[in-house]
Structures are given as structure tokens and as C-alpha cells.
Amino acid sequence: MAKAIAGFTITKPHMLSSLQKTKLDLKPCSEGLWQCSSNGLLSGWLQHKRSNQKRASLSKVNAFPDWPLMAVMVEHIEGQRDLITHKSIWHLSDRAIKNVYVFYLMFTCWGCLFFGSMKDPYYDSEAYRKDGGDGSGHWVYDKQEDIEESARAELWREELIEEIEQKVGGLRELEEAGRK
Amino acid sequence: MASTSLLPKTISPFLTNPPSLPWTHLTTKPSFFNPSADHHLPCTRKPSILTPYAKKKNPWIDIFDDGEDPDMEYGSLFVDGKQDEDTRPVDNPNNPYGFLKFPKGYNVEVAQLGLKIRGDVRRCCCMISGGVYENLLFFPVIQMLKDRYPGILVDVLASDRGKQCYELNKNVRWANVYDPDGDPEPAIYTDMIGVLKNRYYDLILSTKLAGLGHASFMFMSSARDKVSYIYPNVNAAGAGLLLTETFTPDSTNLSEGGYHMYHQMLDWLGRPIYNVPRQPVPPLRVSLSRKLKEYVEAKYRAAGAEKGKYIVIHGIESDSKASMQSRGDTDSLLPLEVWDQIADAISGFKPVFVIPHEKERENVEEIIYNEDIGIVFITTPGQLAALVNDSAGVIATNTAAIQLANARQKPSIALFGSEEKGKVFVPNAEEKKCIIVSSKTGKLKDIDVGAVKQAMQIFDMSLALV
């Protein structure tokens, strides 16, 4: 064990595939996936690692481009198989996980406020939509005062017309008196 | 500040001083300097000449204000006469917006000259303390403003009850609820200051007796002229610093002045300046809109009254806020027992009782013996005025109804607690077709019903005249 190196390395999945077959036969459902990946997808990724220049010729399909999918801690002893001491599967980095959670949290808050207010009887009630709010979304202040103001202006006009009529009537009477 | 110092400061109460002596003395002097211009004489000269009559000038307001310059030659543009009404800027069909706000050759600055030199008032705000009665008596002041400053826009701040009066006034633009007597919330207070600032008033008239608090409220509105009544006692300390002109009432209750409660203010507003003669005080008039008349007609029809064939009875004793009393006369409501006797005496007309609250309806039905009566529930002065307008006459205690009857020139019988009150609240009663019946004991309750019955001839007389 002296020469053994305990390392935390990112394993190449195609090297893993042999291990997979021997040790993880318990999961037959994942068989298909692993075979598929060992044949097509991940071999392409390895080739890409080896020769960057040739990548244009390869038809690689990368769902998660540079993300470390799996980390395996092995104990390496010369002439023997690697001994897996610890294995962990990472899908996202800490930061990415944090981002996901933050997004989830913010969406929830926004959603509660937004969708919660859509059907709120308070916003449809007189308390919220009274004087000023005409329901169109444009907040009009002093609506009552406006109505009263126009009523007074109307009153002023009425009185003016009355006055003019009286004057005209008086003039007509004068004219008639003059004719007689 | 510069503009206010250019305005001639008036000599104060014209009612109290004998005007002939100082005037003749004054008019000779300036014509010596400018013999051709003797027709535009400022009505005031240096305050030092008028010391016995002039108000003491406060040197803190403007330390460089030495009063009128006696060598100043008036007679140029924007000094003489009243202000002109604002003309509407002409339409311009070539403009994509339909009109030009300032057409070619229109000098915007020229309007400012009149404001500076002549003291034009374009926008005025009246803050009126008190209820319906006080606001109703303020109508002549508004009419005076309209006459004295053509083209003026008058806005009103009044208490919620008082504001309802302005349904009857065609001369007012905006009427907002802000009770100067009350204790407003800080938010409302600051909001109102903002509103007043935004409206850029030239003149603010206030009938609240101002102390430092109210004066600073008016000062913060940054109007050009701030004119207010002040307390006639020590509470007025500091108010004069912030106000342009102050009036001292005879007592702490302005409403005790009766019909002429605002006479100091009217004197100041109608003061002669340069070439403008003294503006006569207009009588109290109210105008009624067609809508209001129709609404009230339906109301009294429902109560079983016919147009021109009923008599309005107003002033039933009640704890309602809508009884429209004056603050200067607290003893101005009659109990229903006395009204019952009066209603019995009415013949030929249907008595229509105005109740200020629905709870009074039962009481009236119970106590009034006369079966043939109408009961109308009215709380606003507008509806009351419309009711009075269609009636044959009014019998009322000292409430707004009596002033409305006078304003609509209807025959009326006014019931007062004492003769002095009657004279104060209804001066020139004969001219107004109003008969004052006053109680001998000084209490309205003990009023002589016989005298009221005798006075009822006035309704028959007016009917005969029609």
C-alpha cells in the first residue's frame, strides 16, 4: 500500500465501463444507457480530449459539455486493479445548485405575489378601486373635484345664457315699444 | 417680496374711521409733483402721514420697504385700472397640434408685468373656516373678487360640510375639503401644502383666525399674497410676519359679526387703487343648476307639496350636524312644540318641514298636530336652496335657510332669540322681504307665536303681487 496513491480523480467513463459491468450488474436498467454512452457519446468526448484538432470531423453529441459527471476516489496499486474507495456523482457544481435554488426561491416569491393578486377580491373592491381608479389602470386623481368643477362651469354658462336672454328680451320689448 | 412691497398698503377699517379729513389732505400733495396725472392717485401715501389710521407696518417683513414713493409717476401700461381677462391664445391651423400655446408675437412676460406692478390676481384660494352658514356668507366676497379682478380663478378650501355650498356658486373653480379649523393628519397637512404650491396662487384669503401655525401653513404654500384674519389677542403673535395683510376681527368668534362678518376683508379687497374706484359690496346671491332643481322638485313632490304653494320650515331642534346654524348664534333652533303652533297658523299654504336627519321624521309626525304637512329630508345647502326657490316663502330660525331665502328674494320670516341678533344677521330686512320676529326674553324658545302669525301676511302679500 506504500505505493498506493489515494487520489481523487475524475475518471474517464470508458475505463469505467468495464468496472461497471463487473461490479454494478445489480442495476440492469442502467445497462442500456451505459453501453450507449460507452459506444458512442463518451468515446467521442475522449477523442476530443486527445486531439482537439480533429474535432471538426467528429460528430459528437454533448449534453453536458464540460461538467464532471462522476468523481471516483481510487486506491492505485501496481499490477492490480484500482480499488474504488469512494464514488460520488456530481451533476451540478455548488454554484450552479445555488443558482437553481435562488431561481426557485425568487420564482416562488414572485409567483405567490403575482398569481396571488390576480384573483384578489380586495383589488376589485370599492376600497381599492374607488375615486380616482377608473378601472382602466390609469390613476385619475381628483375625479370628484373634476365633476364638481365642470358642474359649476355648466352653471356659470346657464346663468350667462339666462342673462343674455333677459337682455335680448328687454331689447325686443324696447323695439316693439318703439314701433308702436 | 418685491411685488408685495409695490402693492399699496391699505389703510384699514373704513367703517371705523371718518374718511373725509385725511383724504383731502392727501390728494393735494401728489398733484403738485405731477399735475397732469391727478386722476391716477394712489389711495395711500407714506404710512407716516396716516399714523392715526394706518395699520402699524411691520419692519420685519421688508426692511427696505419705506412705503409708496411720492415721486413715482404712474400712468403707464399695467398700472392703471383693473386687470384684463386672459384671452384664449388664437388657433393656428398650420400647427400640427391644432393651436399654438403662445402664438407669434404673444409676450408671455407681459402677463407678469401686471402681476408685479398692478398686483393682478390670476389665481386665488379662499380658505374658509366654519360650516355652511359661514361659507354661504362668503359668497359676496367671491363675487367681489370676480368683479374686482376680472378673469380671476377662485378656488376654495373648506370643511366637508361647508364645501357643499359651492354647488350654488358659479364663480368657483375647485373646491377641496380641508378643514382649517380641524387638526389635520400630518400626511394630509403636507399634501395640502403641496397641492397649494402646485397651483401657484397669487392670493390666499383665509377666514380662519390665524396664529403662527396657520400663518406658517399659508406661508409654506408660497403664494404671493397671504391674507388672513388673525386672532384679536396674543395668539396672533408671529402671524403678522408671515402674512402680507392681516385683519383683526372684533371678537374671537368671527361669526358673531353676522351677515357682515367678513367686512374687513371686503373693505380690503374693494379698496380703491390708482384709477380703480372703490368696489361696491355685492349682495349675497346663489345660483341653482337645472339638475338640482329637478332633483329637489321630485323630492318635494313625493312629500306631497306643489310648486309655489308651500312654505319651508327650517330650524327644527336636533342634534344633527346638518342643521346649518351659524357659529355666532348657538340658540337658533326651535323645539317641535313651538313649530306645531306656528304650523297651525299657516293657512293657504302647505308647511313643509325640513328635517336634518331621518330620525326626526317620527318626531315631526308625532308632535305636529296639523295633518296636512310635508316632510323633506335635506342636509345639503344646495337642495335647501332649490327647495326655497320653489316655495312661496320661508319661516326659519337663524339658519342658512333664511340667508338662502334672502338670496333668492323669497319672502321670509326670521325667528331670532334677540333683536340685536336679528339686526346683525339680517340687516336691511325690509328690502329683503324679510320680517324679523324676535323673542322678548332673549331665548328663542319663548318666541311670541302671535307675532309670527301676524307676520305671515307677508306671504299673502307676495302672492297678491304675483
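Predicted model: local features only at pLDDT ≥ 70, side-chain atom pairs only at ≥ 80, totals over all residues.
**Figure 1. The elements of chain A, followed from the N terminus.** Reading from the N terminus on, the elements of chain A run in the order β-α-α-β-β-α-α-α. Chain A has 180 residues, and buried residues make up 16% of them. When contacts in chain A are taken between residues at least 6 apart in sequence, 41% of them join residues that are at least 24 apart. The accessible surface of chain A comes to about 14900 Å², and 60% of that surface belongs to carbon and sulfur atoms.

**Figure 2. An open sheet of chain B that runs from β3 to β6.** Six strands of chain B form this open sheet, in the order β3-β2-β1-β4-β5-β6, and the pairing is parallel. Because β3 (172–177) and β6 (245–247) of chain B stand at the edges with a single partner strand each, one side of each is left without a neighbour in the sheet. From one strand to the next, the twist averages 20°. At one end of the order, strand β2 (residues 153–158) of chain B pairs with β3(B) in the parallel sense over four bridges, and L157(B) has N176(B), a residue of β3(B), as its bridge partner. Helix α8 (residues 212–220) of chain B lies across β1 (123–128), β4 (203–210) and β5 (225–230) of chain B, and the helix runs at about 165° to β4(B).

Figure 3. How many disulfides are counted over all chains? The count comes to zero, with two sulfur atoms needing to be within 2.5 Å of each other to be included. C124(B) is in no disulfide, and the nearest cysteine sulfur, which belongs to C126(B), is 4.0 Å away. For C125(B), the closest cysteine sulfur is also in C126(B), but at 6.4 Å this sulfur is too far away for a bond. C124(B) counts as buried because its relative accessibility is 0%, and C125(B) likewise counts as buried at 0% relative accessibility.

Figure 4. Q83(B) has its place in the loop between α2 (20–33) and α3 (108–117) of chain B. Is Q83(B) buried or exposed? Its relative accessibility is 4%, and Q83(B) therefore counts as buried. A polar atom of the Q83(B) side chain lies 2.8 Å from the backbone nitrogen of V121(B), while the side chain of Q83(B) also reaches the backbone oxygen of P150(B) at 2.9 Å. If residues up to four places away in sequence are not counted, Q83(B) touches R118(B), D120(B), V121(B), R122(B), Y149(B), P150(B) and I152(B).

**Figure 5. A second open sheet of chain B, which runs from β9 to β12.** This open sheet has six strands of chain B in the order β9-β8-β7-β10-β11-β12, with parallel pairing. At the edges stand β9 and β12 (434–438) of chain B, each with a single partner strand, so one side of each is left without a neighbour in the sheet. The twist of this sheet averages 20° from one strand to the next. Strand β11 (residues 412–416) of chain B pairs with β12(B) in the parallel sense over five bridges, and in this pairing L415(B) stands opposite V437(B) of β12(B). Helix α14 (residues 381–389) of chain B lies across β7 (310–314), β8 (350–355), β9 and β10 (393–397) of chain B, and runs at about 145° to β7(B).

Figure 6. Why is helix α15 (residues 400–407) of chain B described as largely enclosed by the rest of the structure? Eight of its eight residues are buried, so the helix is largely enclosed. The buried residues of α15(B) are A400(B), A401(B), I402(B), Q403(B), L404(B), A405(B), N406(B) and A407(B). Just after α15(B), Q409(B) takes a positive phi of about 55°.

**Figure 7. The exposed residue E371(B) in a loop of chain B.** E371(B) is found in the loop between α13 (360–367) and β9 (374–377) of chain B. With a relative accessibility of 73%, E371(B) counts as exposed. Although 27 residues separate E371(B) and D344(B) in sequence, the two are 9.7 Å apart in space, from C-alpha to C-alpha.

Conventions. Residues numbered from 1 in each chain as written. Chains lettered and ligands numbered in written order. Heavy atoms only, no water. Pairing = 2+ DSSP bridges. Helix = DSSP H or I, 4+ residues; strand = E, 2+ residues; numbered from the N terminus. Axes fitted to C-alpha atoms, helices over the stretch in contact; angles between N-to-C directions. Contact = heavy atoms within 4.5 Å. Buried < 20%, exposed > 50% of the residue type's maximum accessible area, 1.4 Å probe, protein only. Areas by Shrake-Rupley, 256 points an atom, 1.4 Å probe, with all protein chains shown as cover. Polar contact = N/O pair within 3.5 Å; in protein donor to acceptor, adjacent residues only side chain to side chain.
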